[in-house]
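Take a look at the model below. Keep it in view while you read, and find each part as it is named.

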Amino acid sequence: MSVIRSVILATGHYLPERVVDNSWFEARLDTSDQWIRERTGIARRHFAAEGETTSDLGLRAAQDALDRAGLTAGDLDAIVLATSTPDLTFPAVATMVQQGLGMTRGFAFDVQAVCAGFVFALANADGMIRSGQAKRVMVIGAETFSRIMDWSDRSTCVLFGDGAGAVILEAAEGDGSAKDRGILASDLNSDGRYRELLYVDGGVSSTGTAGVLRMQGNLVFRHAVEKLAKTATTTLDRAGLAPGDIDWLVPHQANARIITSTAQKLDLPMEKVVLTVEDHGNTSAASIPLALATADAEGRFERGDIILTEAIGGGLSWGSVVLRW
Ligand code: UT7
């Protein structure tokens, strides 16, 4: 049976110039490089410059992906951008990237599922491609979490960084089997009962301010360890695959200990896991596309590889996507 699949044509990324290592926090807070490395795996992160916005980061990543694909903005039908740190309350950051790229047709909108945002955006873009609404979609994750940190809270401010990553999806014909290239299956979940575990304490219709991030890290950690392995096996089942078929796990980069535990549950050796948390910190919706683009630029993926991505974040919202490269 002939089906439409969404194949990744190219990836792109952008990291702000300023790199901040753990010693920067040691000088300001009761924390240590050792604690941060041991508990999270993070050594450094990038912070956007003053005046540098989420749309600036997203635009650079999108342009990088277009350049690598040998395409121009006119070749795109849509932009879907995942972020929780938009430049403005509206319009969507995606429309700012659209303008920056010089794209005057098609449509552009944002997806807000916090750290799971890129997985949600990817699954939605895949749905639009399979339904025939678009043939080529730029999917971006872009964040400036440094703008919503409480710099006096050592349990959160050491964790996050800024950055953007992008992939271009293109419609391709498949036979409906797991041998097809492109996105094979996905699984999305949310449970608002847990919204107080990870949230920002401000917003347009409540405080009228942007607010700062609040997290009960150890509780989120427990949900992550349990829910990420489960969504991964659900998605693999839907694709007719097993954990042993995975060539690369490209997880959300929140904490190296969560990533290791998920890999163990899937019986995957760490050589099959793309780890960027050490250099990027947690960049929320940007972390998976940044990891994909980093590994792609290093030439680590081979055509035909099975790649599984998974993420969990505020909401709680979590999910996974499996694709063949
Ligand atoms: O991306 C969205 C999803 N988010 C996540 O997946 C994050 C999930 N959570 C985590 O990654 C971890 O829970 C954290 C890294 C946030 C915290 O690690 P933990 O091992 O769960 O530590 P904890 O919160 O249980 O705190 C242990 C101790 C506490 O001290 P006491 O009460 O035992 O004396 C904290 O006050 O570590 C202390 N602590 C710190 N110490 C030095 C917390 N933050 C720091 C710090 N430096 N930066």
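What follows is a walk through the sheets, a helix, the ligand and a few single residues.

One caution comes before the tour. This is a predicted model.

Start with the five-stranded sheet. It is open, and its strands come in the order β1-β7-β6-β4-β5. The pairing is mixed. Which strands form the edges? They are β1, residues 3-14, and β5, residues 107-111. Each of these two pairs on one side only. From one strand to the next, the twist averages 20°.

Now pick out β4 in this sheet. Strand β4 covers residues 78-82 and runs parallel to β6, residues 136-144. Five bridges join β4 to β6. Isoleucine 79 gives you a place to look, for it stands opposite methionine 138 in β6. Turn to the other pairing, with β5. Five bridges join β4 to β5, and these strands also run parallel. Here leucine 81 has aspartate 110 of β5 as its bridge partner.

Is β4 enclosed or open to the outside? Five of its five residues are buried, so the strand is largely enclosed by the rest of the structure. Look at where the residues of β4 point. Ala78, Val80 and Ala82 point one way. Ile79 and Leu81 point the other way. All of them are buried.

Next comes the four-stranded sheet. This one is open too, with the order β8-β13-β12-β11 and mixed pairing. Its edge strands are β8, residues 182-190, and β11, residues 248-251. Each edge strand pairs on one side only. The twist here averages 15° from one strand to the next. Follow β11 to its partner β12, residues 306-313. Four bridges join them, and they run parallel. Valine 250 has threonine 309 in β12 as its bridge partner.

Helix α10 links the two parts of this tour. The helix spans residues 287-297 and packs on the five-stranded sheet. There α10 touches β1, β6 and β7, which covers residues 162-174. The direction of α10 makes about 85° with that of β1. The helix also lies across β11 and β12. It runs at about 140° to β11.

Move on to the ligand. Of the 24 residues around the ligand, which come nearest? They are Thr31, Arg39, His252, Asn255 and Asn282. Some polar atoms can be picked out one by one. For asparagine 282, a polar side-chain atom lies 2.7 Å from an oxygen atom of the ligand. With arginine 154 the backbone is involved: one of its backbone N or O atoms is 2.9 Å from a nitrogen atom of the ligand. A polar backbone atom of glycine 217 is 3.0 Å from a ligand nitrogen atom. How much of the ligand does the protein cover? On its own, the ligand has 950 Å² of accessible area, and the protein covers 73% of it.

Threonine 276 sits in the loop between α8, residues 256-265, and α9, residues 277-280. Its relative accessible area is 6%. The cut-off for buried is under 20%, so threonine 276 counts as buried. Beyond its neighbours within four places in sequence, threonine 276 is in contact with Gln253, Gly281, Ala291 and Thr294.

Threonine 283 lies in the loop between α9 and α10. This residue is buried, at 0% relative accessibility. A polar atom of its side chain lies 3.0 Å from the backbone nitrogen of serine 287. Leaving aside neighbours within four places in sequence, the contacts of threonine 283 are Glu143, Gly161, Asp162, Gly163 and Leu290.

Arginine 147 belongs to the loop between β6 and α6, residues 154-157. Is arginine 147 buried or partly exposed? It is partly exposed, with a relative accessible area of 40%. Its contacts, apart from neighbours within four places in sequence, are Ala48, Ala49, Glu50, Gly51 and Glu52. A polar atom of the arginine 147 side chain lies 2.7 Å from the backbone oxygen of glutamate 52. Now find threonine 85. Threonine 85 and arginine 147 are 62 residues apart along the chain, and their C-alpha atoms are separated by 7.8 Å.

Notes
Residues are numbered from 1 along each chain as its sequence is written. This is a predicted model: local features need pLDDT of at least 70, side-chain atom pairs count only at pLDDT 80 or more; totals for chains, interfaces and linings use all residues. Side-chain values use heavy atoms; hydrogens and water are left out. Two strands pair if DSSP finds at least two bridges between them. Axes are lines fitted to C-alpha atoms, for helices over the stretch in contact, and angles run from 0 to 180 degrees between N-to-C directions. Contact means heavy atoms within 4.5 Å. A residue is near a molecule or strand if one of its heavy atoms lies within 4 Å of it. A polar contact is a pair of N or O atoms within 3.5 Å; within protein, one must be able to donate a hydrogen and the other to accept it, and residues adjacent in sequence count only if both atoms are side-chain atoms. Accessible areas come from the Shrake-Rupley method with a 1.4 Å probe; for residues, only the protein chains shown count as cover. Buried means under 20% relative accessible area, exposed over 50%, partly exposed in between (1.4 Å probe, protein chains only).
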